[in-house]
Amino acid sequence: MRSLLVVTGRDSMHLKISSPNDTIKKLSVLIHQDGLSFYTYNSTGILDSLHKEFKHSANPIEILQTIETCFREEAFLKEAFTKATLLYHHNIFTSVPALLYKEDHAADYLKYNARILETDVLSVDEILGTTGVNTVYIAYSNINNYFFERYGSYEYYHYSSRILETRSTPTVGLRPQVYLDIKGSHFYLSIFNKGKLIAHNLFPHDEIEDILYYTMFTTHHNDLDPETMEIIVCSEEQNNALLELLYTYVRYVTQEKNYSNYLEQIICV
């Protein structure tokens, strides 16, 4: 049985619902490795949020059960939304240059990153911003079906795609820019040099030393000089111990100044 390829993202066939009233609420749901996050928002930004942590690595059936429970029990999720967006936030993805991408080989790009089952649905977010990159990933069919039954039309992406779109027009400076989007058990690393995407991947971490190791390993193999590159750390809370550790090895280290604005760019699609 051949896996089904679904093209998503900006060029998808999903119907987009728009309203002249920007105060009407919209919904984004993140399925991430550590749990679930629900956000409601309008033109002013994020309004309400809910986070549910998993005690273990949940499978798609358990994830859907938790989503159903949240919609059933949380009052703010019972409202009518003009738009619903689902963001897959897991490590079952890979980035492929659009010029090299071949639809018939979508499974081949991903098979080295994860085990692919016959029932898995392969999706692709195409040509992300100015990066010229496609994201190939697994979308959970049971969760997609639930959102279709609940909302009729919706959009879905991979969180990695949203990062690349948000960072697709970085400031072109003299220094290569290394962005670290840090989450509870993993982080995304993106390297831009002279405005072009050089590398993008996700790594696990338990301690801040893990973040240092993967960052230095990746930048070294992309021929970046610790004396000239700039690391920008993006996290909900500033971790001074991490910043000091990175600064021990890299001359230019900064914290994302406005995390709330960055998160809204990711979430408020």
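This is a predicted model: local features need pLDDT of at least 70, side-chain atom pairs count only at pLDDT 80 or more; totals for chains, interfaces and linings use all residues.
Residues are numbered from 1 along each chain as its sequence is written, and side-chain values use heavy atoms, with hydrogens and water left out.

To the opening question, then: six of the six residues of S10 are buried, so the strand is largely enclosed by the rest of the structure. Buried here means under 20% relative accessible area, exposed means over 50%, and partly exposed is what lies in between, with a 1.4 Å probe and protein chains only. Helices (H or I, at least four residues) and strands (E, at least two) are DSSP runs numbered from the N terminus. From S10, Gln-177, Tyr-179 and Asp-181 point one way, Val-178, Leu-180 and Ile-182 point the other way, and all of them are buried. In a regular strand, side chains alternate between the two faces of the sheet.

For the chain as a whole, there are seven helices and 14 strands, and 50% of its 269 residues count as buried. Its accessible surface comes to about 14000 Å², of which 50% belongs to carbon and sulfur atoms; these areas come from the Shrake-Rupley method with a 1.4 Å probe, and for residues only the protein chains shown count as cover. Among contacts (heavy atoms within 4.5 Å) with a separation of 6 or more, 62% are between residues 24 or more positions apart.

Now to the neighbours of S10, where two strands pair if DSSP finds at least two bridges between them. With strand S11, residues 186-193, S10 pairs in the antiparallel sense over six bridges, and a hairpin of three residues joins S10 to S11. Within that pairing, Tyr-179 has Ser-190 of S11 as its bridge partner. S10, residues 177-182, is also joined to S13 by five bridges, and these two run parallel, with Leu-180 standing opposite Val-233 in S13.

S13 itself, residues 230-234, has five of its five residues buried, so it too is largely enclosed by the rest of the structure. Both of its faces are covered, by the account that Glu-230, Ile-232 and Cys-234 on one side and Ile-231 and Val-233 on the other are all buried. Cys-234, which is found in S13, counts as buried at 1% relative accessibility. Not counting residues up to four places away in sequence, Cys-234 touches Arg-167, Leu-180, Asp-181, Ile-182, Glu-256, Tyr-259 and Tyr-262. The C-alpha atoms of Cys-234 and Thr-254, 20 residues apart along the chain, are separated by 9.0 Å.

Beyond S13 comes strand S14, residues 252-255, joined to S13 by four bridges and running parallel with it, and there Glu-230 has Tyr-252 as its bridge partner. The chain crosses from S13 to S14 through helix H6, residues 240-249, in a right-handed β-α-β crossover, that is, with the strands pointing away from the viewer, the path from the first strand over the helix to the second runs clockwise.

In H6, Leu-242, Leu-243, Leu-245 and Leu-246 are buried. Seen down the helix axis, the buried residues fall within an arc of 165°, so they line one face of H6; the arc is that of the directions from the helix axis to the C-beta atoms. The buried residues of H6 pack against S10, helix H5 (208-221), S13 and S14, whereas Glu-244, Tyr-247 and Thr-248, on the other side of H6, are exposed.

In helix H3, residues 141-151, we find Asn-144, which is buried with a relative accessible area of 8%. Leaving aside neighbours within four places in sequence, Asn-144 is in contact with Leu-86, Tyr-88, Ala-139, Tyr-154 and Tyr-156.
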